[in-house]
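Please read them with the coordinates open.

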Amino acid sequence: MGLKVYINGEYFDKKDAKISVFDHGLLYGDGVFEGIRSYNRLVFKLEEHIQRLYESAHGIMLDIAISRKDMIKAVIDTLNLNKLDDAYIRLIVTRGIGDLGLDPRKCKDAAIIIITDKIQLYPEKLYKEGLRLITVPTPRNIPEALNPQIKSLNYLNNILAKIEAINVGYEEALMFTASGYVAECTGDNIFIIKDGSLITPSSYLGILKGITRGVAMDIGKKIGLEVKEDVLTRHNLFTADECFLTGTAAEIVPVVSIEKRIIGNGKPGKITLALMREFKESTKRDGVKY
Ligand code: PXG
């Protein structure tokens, strides 16, 4: 049996899992999504991801016809059907089928899609040696226009930044706010460690409030660090003791250089390594069993 995809309460083979070209998710990027992981039959922080999905939907006045409880059940059922112990889960809610105009009132029913698949892990080398970051000219979307806290299907802002990094030979881009403060990377949040404090950009600056970011902050407190959300400049990053990124796919990745400035001693930092170990433990504990 091949992979089955959930669309609006029904399961389809991967090759038949299709949506209309009139879906406003395709025509306008009008919709929201989540990327979630499961580890050894435990969906990591599932309630938090579902909460963010419904908040994103609320922010764009998109009505999700099923309850949070039923959404959790649909995710679990899809994982069980596909017999996946470790998975990457993509949960998507689009505005649904409308006409060629952007009026969302023409879309009668939101489409709910759940794709569960094996995860493609990043190379081990990245975690041992650390990542090099480059800053890019495209700023993060200004929150007054499209708040990055809404995890919407329109990811062009991030994709443009990714292209700019790739163009100059880097894998990941560091994005700034329109006023020039540190925001986040294209699909990951950023942290620094300075004099025993764990610091990450405040969410009001216009970033996605990552679930992994929250986990890293909790672990930081647990291991006795002072944890702060703050406004950070490029200079704060250049002069940090340690730096790392957090995200569902990447987990915790050490950063060893930013725009050619070496961070710390150019190797993954001690505290970063401790946080990575604690994070691994958390994935064995903090989730919904199936
Ligand atoms: N910032 C942005 C802009 C993101 O898209 C994160 C931070 C981290 O959030 P979480 O909740 O995952 O800790 C994300 C994550 C991927 C991928 O495959 C990740 C995201 C979106 C699309 C793809 O790595 N979002």
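1. The structure, which is a predicted model, holds 21 salt bridges. One of them joins E184 to R140, with the closest N and O atoms 2.5 Å apart. This pair links distant parts of the chain, since E184 sits in strand β9 (residues 182-185) whereas R140 belongs to the loop between β7 (131-135) and α5 (156-167), and the two residues are 44 residues apart.

2. E184 also deserves attention at the ligand, where a polar side-chain atom of E184 lies 2.6 Å from a nitrogen atom of the ligand.

3. A backbone N or O atom of I211 lies 2.7 Å from an oxygen atom of the ligand, and an N or O atom in the side chain of T212 is 2.6 Å from an oxygen atom of the ligand.

4. Turning to the overall arrangement, the domain assignment divides the chain into domain 1 (4-117) and domain 2 (124-282), and the C-alpha centres of these domains lie 27 Å apart. The contact between them involves 24 residues of domain 1 and 17 residues of domain 2.

5. How much area is buried between domain 1 and domain 2? The value is about 1,500 Å², and carbon and sulfur atoms give 66% of it. On the side of domain 1, the residues that lose the most area to domain 2 are F33, F44 and R52, which together account for 38% of what that side buries.

6. In a salt bridge, the side chain of R37 meets that of E251, at 3.5 Å from N to O.

7. As for the elements involved, α1 (24-28), β3 (31-39), α2 (46-59) and β5 (87-94) each supply at least two residues of the side of domain 1 that touches domain 2. Among the contributors to this side, β3 gives the most, with eight residues. By residue class, the side of domain 1 that touches domain 2 divides into ten nonpolar, eight polar and six charged residues.

Methods. Residues numbered from 1 in each chain as written. Predicted model: local features only at pLDDT ≥ 70, side-chain atom pairs only at ≥ 80, totals over all residues. Heavy atoms only, no water. Domains from an automatic or database assignment. Contact = heavy atoms within 4.5 Å. Buried area = accessible area lost by both parts, 1.4 Å probe. Salt bridge = Lys/Arg side-chain N within 4 Å of Asp/Glu carboxyl O. Helix = DSSP H or I, 4+ residues; strand = E, 2+ residues; numbered from the N terminus. Nonpolar A, V, L, I, M, F, W, Y, C, P; charged D, E, K, R; others polar. Polar contact = N/O pair within 3.5 Å; in protein donor to acceptor, adjacent residues only side chain to side chain.
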